[in-house]
Amino acid sequence: MIASPILLEAGAVEVSFRKGEWIFRQGGQARYYFQIVEGQVKMSNFSAQGQEFVQGLFAAGQSFGEPPLLTDLTYPASAIASTDCRVYKLNKDKFLNILLANPKISLEVGKSLAKRLHYKATMASEISSNHPEHRILTLLTYLKNEIHPNTNDLHPVDLTRQQIADMTGLRVETVIRSIKKMEKEKQLVIQNRKVYL
């Protein structure tokens, strides 16, 4: 999102996190801009019973947790390293200075936030009212179009069954059954236990 030289010149530091380590917790005050150098981070909420709902997955080059920086609100979800990862961490004031000094970067940050808002609106309507197969297909189609726009070719789904469950509000057993049903209905393909859409 923001070029490494710009972040480093502004004072960003590179921080490493191990898989499963918390980067920040829901309800915490936002004080830093985070951008992934390597690895994957998930934003999650947890129910009172401990059930996880994954709000989003973020990979190298992507940022996460910016909305509270722009609004002086607390984090609405927790950020957890999905894999071992390295992340740029930049003080809030320095991040805001970058935005003020670089209109193009501000526009790119705005576009990224708008895409996330669109994804949330799409998934919220799916989760509230549709069958498991429809929820899963909506999620996978959305993610495919983000990574491989304007193509009808088959592409691997880089999510585990558990991640699909966490992102759709389903149980993993339901996801497994639904994916098998979707394969029979030729909505997706399974090769060597890997899902392709």
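1. Start with where helix H5 touches helix H6. On the H5 side you'll find Arg-135, Ile-136, Leu-139 and Leu-140, and they meet Ile-164, Met-167 and Thr-168 of H6. Sorted by class, this contact has five nonpolar residues, one polar and one charged. Keep in mind that this is a predicted model.

2. Now for how the two helices sit against each other.

3. Helix H6, which covers residues 161–168, lies across strands S4 and S5. Its direction is at about 115° to S5.

4. On to the sheet itself. It is an open one, built from four strands in the order S2-S7-S4-S5, with antiparallel pairing. Which strands stand at the edges? They are S2 (22–24) and S5 (52–59); each has a single partner strand, so one side of each is left without a neighbour in the sheet. From one strand to the next, the twist averages 30°.

5. Last, a closer look at one pair. Strands of a sheet pair through backbone hydrogen bonds, in either a parallel or an antiparallel way. S4 (residues 40–46) pairs with S5 in the antiparallel sense, over seven bridges.

Definitions and conventions
Residues numbered from 1 in each chain as written. Predicted model: local features only at pLDDT ≥ 70, side-chain atom pairs only at ≥ 80, totals over all residues. Heavy atoms only, no water. Pairing = 2+ DSSP bridges. Axes fitted to C-alpha atoms, helices over the stretch in contact; angles between N-to-C directions. Contact = heavy atoms within 4.5 Å. Nonpolar A, V, L, I, M, F, W, Y, C, P; charged D, E, K, R; others polar.
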